[in-house]
Amino acid sequence: RSIAVVLGTRPELVKLTELIRLLGPAAHVVHTGQHYDEELSGRFLSDLGIPEPTYLTGIGGRPRALQISAALAQLDAVFAAEPPRAVVVQGDTNAALSGALAANARAIPLVHVEAGLRSHDRNMPEEHNRVLIDRIADVLCAATPENRDNLLAEGIPAGRIEVTGNTVVEAVRSQLPTSAQRFAELERMGVASDAYVLATVHRPENTDDPLALRAVLTELASLAAELPVVLPLHPRTRACIEGAGLAGLLDPLLVTQPLGYRTFLALAQHAALLVSDSGGVQEEVTVLGRPLVVVRNSTERPEAMPDFAELVGPGRELGEAARRRLASGAEDRARLASLPSPFGDGLASRRVVELLVGLAARGSCAAVA
Ligand code: UDP
C-alpha cells in the first residue's frame with residue numbers, strides 16, 4: 001500500500017519534493033488545488049519533478065472553511081478507495097489540515113513534517129492549523145529543538161516527537177542552479193550580483209489592509225531610488241494592489257510574475273538583501289547566507305533571528321532596517337555565509353522516510369499513539 005502525501009500550495013511542493021523522490025513509487029501525491037494558478041502550482045510540479053498527483057476539485061479560491069470541508073470530503077473518498085499505509089502532511093496550510101483530519105477520521109497513521117512551529121499569534125489561520133494538526137499527528141517531525149520544546153510545552157508526549165531538521169535545507173541545496181545558470185538569470189532580470197533587493201509580499205496582514213499595503217510598497221519604491229528592487233508578484237497581492245488603486249507604486253519596481261523555484265533561488269542567492277513576509281524565505285536565507293527583513297507582526301521561525309533576519313512593521317521601520325542592513329553589505333554577507341543554518345543539515349527528508357518505514361512496520365494508529 002502507498003503512502004499518501006497530501007499537499008496543495010507552493011511551499012509544500014518545495015518542501016516535500018525530496019521526500020516524494022525518496023519514497024519513489026510508494027508515494028501517492030494528492031493535490032488539493034489550494035493553489036491552482038499555473039505559476040504557483042502547475043509549473044512547480046513539473047519543474048520539481050513531482051509525479052502526476054491525484055487532483056481534488058473546487059477547492060482553490062474558496063473561504064477557508066469550505067476549502068477544508070470540501071478537501072476533507074474528497075480525501076475521505078480517495079482514502080476509502082485506496083487506503084494508504086500512512087498520510088504525510090507538511091506545514092500549516094488548509095491542505096495540510098484537511099489531510100490530517102482525513103487521516104484521523106480513518107485511523108490512518110499521520111506524520112506531520114515541520115511540526116511544532118508557533119507564532120503564538122491567534123490572528124493567523126496558519127497558527128490554528130498547526131496546533132490542530134500537531135494535536136492529532138502520530139509522528140511529529142520537528143524541524144528544530146525549539147519546535148520540539150513548543151510541542152512538549154503543550155503536553156504532546158516526547159515519544160511522538162522527532163527532531164528531523166527542516167526539509168527546506170535539502171530543497172535549496174538540490175534546486176540551487178549552478179553559478180553559470182544563476183548569472184544567466186541575473187542577466188535576464190537586468191540586475192548585478194549583490195546590487196539589488198529581492199522582495200515578496202503575500203500575507204493578508206500586508207495585502208488585505210490597504211494602509212499596510214501602501215506602506216510596504218512606498219518603502220520598496222523609496223528603496224528602488226537607491227538600487228533595483230525585484231518584486232515577483234503573487235496573484236492575490238496583484239489583485240489587492242489593483243483593488244486598492246495602488247498600481248502606481250509599482251512603477252519604480254522590477255515587477256515580475258511569480259518565479260519558478262530555481263529562478264527564485266538564483267535571485268535570492270545574489271541579492272544584497274531580501275524583504276519578505278514569506279515563511280519559507282525566512283528559512284531559505286539561512287541556507288543561502290543572505291540577510292532578510294521580515295515584514296510581519298510575528299514569526300513562527302525565531303531561529304533565523306537576529307543573524308539572518310529581522311522582524312519589522314510595514315512602514316518606516318522597513319526602510320530603516322533595510323538601509324541599515326544594506327550599509328553593512330559585504331561584511332554582513334561574509335559573516336552569514338560562515339554560519340550554519342539553524343534549520344538542519346539537509347538530511348531531514350531522509351529521517352522522515354526512516355520514520356515512515358518504522359511506522360509502517362508498527363502498523364496501526366493505536367500502536368503509535
Ligand atoms: N518562491 C518562488 N517563487 C517566487 C516567490 C517565492 O519559488 O516568485 C518560493 C520561495 O522560495 C519559498 C516558497 O515559494 O520556497 C514560499 O512560498 P510562500 O511565500 O507562498 O509561502 P510561505 O512560505 O509563506 O508559506
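User: What is V293 in contact with, leaving aside its neighbours within four places in sequence?
Analyst: V293 is in contact with L273, V275, E310, V312, L318, A321, A322 and R325. Contact means that two C-beta atoms, placed from the backbone, lie within 7 Å. This is a predicted model: local features need pLDDT of at least 70, side-chain atom pairs count only at pLDDT 80 or more, and totals for chains, interfaces and linings use all residues. Residues are numbered from 1 along each chain as its sequence is written.

User: Which residues touch the most other members of the largest nonpolar core?
Analyst: V293 again, along with V5, V111, V197 and V275, out of 108 residues. Such a core is a set of buried Ala, Val, Leu, Ile, Met, Phe, Trp, Tyr and Cys residues joined through C-beta atoms within 7 Å. Buried means 20 or more other C-beta atoms within 10 Å of the residue's own, placed from the backbone.

User: Where does this core lie, and why?
Analyst: It lies between domain 1 (3-167 + 346-368) and domain 2 (176-337), because both give residues to it. The bounds come from an automatic or database domain assignment.

User: New topic. Which residues come nearest the ligand?
Analyst: P232, F264, S278, G279 and G280, of the 15 around it. A residue counts as near if its C-beta atom, placed from the backbone, lies within 6 Å.

User: Which elements give two or more residues to that shell?
Analyst: α1 (10-23), α12 (261-270) and α13 (279-288). α13 gives the most, with 4 residues. Helices here are DSSP runs (H or I, at least four residues), numbered from the N terminus.

User: Which residues are buried in α10?
Analyst: A212, L213, A215, V216, L217, E219, L220 and L223.

Definitions and conventions: A residue is buried if 20 or more other C-beta atoms lie within 10 Å of its own, exposed if 12 or fewer, and partly exposed in between; C-beta atoms are placed from the backbone.
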